[in-house]
Amino acid sequence: MKKELKTALKLVKKAGMKVTNQRQDIISYLIDHQDHYVSITDIDKHMRQKYANMSYQTVYRNLQEFEDAHLVEQRPLAGGKFVKYQCDFNNLDHYHFICQICGRVIELKEMSADYFQDQVTGCKILKQQVEITGICDRCLAKQALVN
């Protein structure tokens, strides 16, 4: 069993959830695709291939529970909901560059909390969530080949 899967299953238990084969398979799928946000529809299709009677609602509910336990990050992208495996359990407030073409995620170095706090004097920041979107180097290279 992969180290990442063991870590995730410990967090599932810590959050008070039962470790089921379905949950384990959802997490494994996300770990295998951790450098991209994956559509909930794609996860549902994958799970229905393994568990024919599994409903979309079950997949969605499990992903919501995983988000509540900080196992996954969820984002609205391209008109739907997308999730990815949490890349940094020790630093939940971190930053990503997200490619608008392929969905690839590149984790960015952390900015100081003071950077934002200095801009909102008198306010208290509870959570930071910054996303930078654009076109990744791989997609730019493919576009250059086409042009």
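Where is the place of L140? Hi everyone, let's start there: L140 sits in helix α6. Helices here are DSSP runs of H or I with at least four residues, strands are runs of E with at least two, and both are numbered from the N terminus.

A quick word on the model. It is a predicted one, where local features need pLDDT of at least 70, side-chain atom pairs count only at pLDDT 80 or more, and totals for chains, interfaces and linings use all residues. Residues are numbered from 1 along each chain as its sequence is written, and side-chain values use heavy atoms, with hydrogens and water left out.

Now the overall picture. The protein chain has six helices and six strands, and from the N terminus they follow the order α-α-β-α-α-β-β-β-β-α-β-α. Of its 147 residues, 35% are buried, meaning under 20% relative accessible area, with exposed being over 50% and partly exposed in between (1.4 Å probe, protein chains only). If you take contacts (heavy atoms within 4.5 Å) between residues at least 6 apart in sequence, 50% of them join residues at least 24 apart.

Next, the sheet. Three strands make an open sheet, ordered β1-β3-β2, with antiparallel pairing; strands pair if DSSP finds at least two bridges between them. β1 (38-39) and β2 (72-77) are at the edges with a single partner strand each, so one side of each has no neighbour in the sheet. β1 is joined by two bridges to β3, residues 80-85, and V38 has V83 as its bridge partner in β3. Helix α2, residues 21-32, packs on this sheet and touches β1, β2 and β3, its direction making about 85° with that of β3. For that angle, axes are lines fitted to C-alpha atoms, for helices over the stretch in contact, and angles between N-to-C directions run from 0 to 180 degrees.

Back to L140, then. Together with I101 and I135, L140 makes a nonpolar surface patch of about 250 Å². Areas come from the Shrake-Rupley method with a 1.4 Å probe. L140 counts as partly exposed because its relative accessibility is 44%, and I135 does too, at 34%. I135 lies in the loop between β6 (130-134) and α6 (137-146). L140 and I101 are 39 residues apart along the chain, with 9.6 Å between their C-alpha atoms.

Note on methods:
Patch = residues over 30% accessible without salt bridge, like charges linked within 9 Å, V, L, I, M, F, W, Y side chains within 5 Å. Salt bridge = Lys/Arg side-chain N within 4 Å of Asp/Glu carboxyl O.
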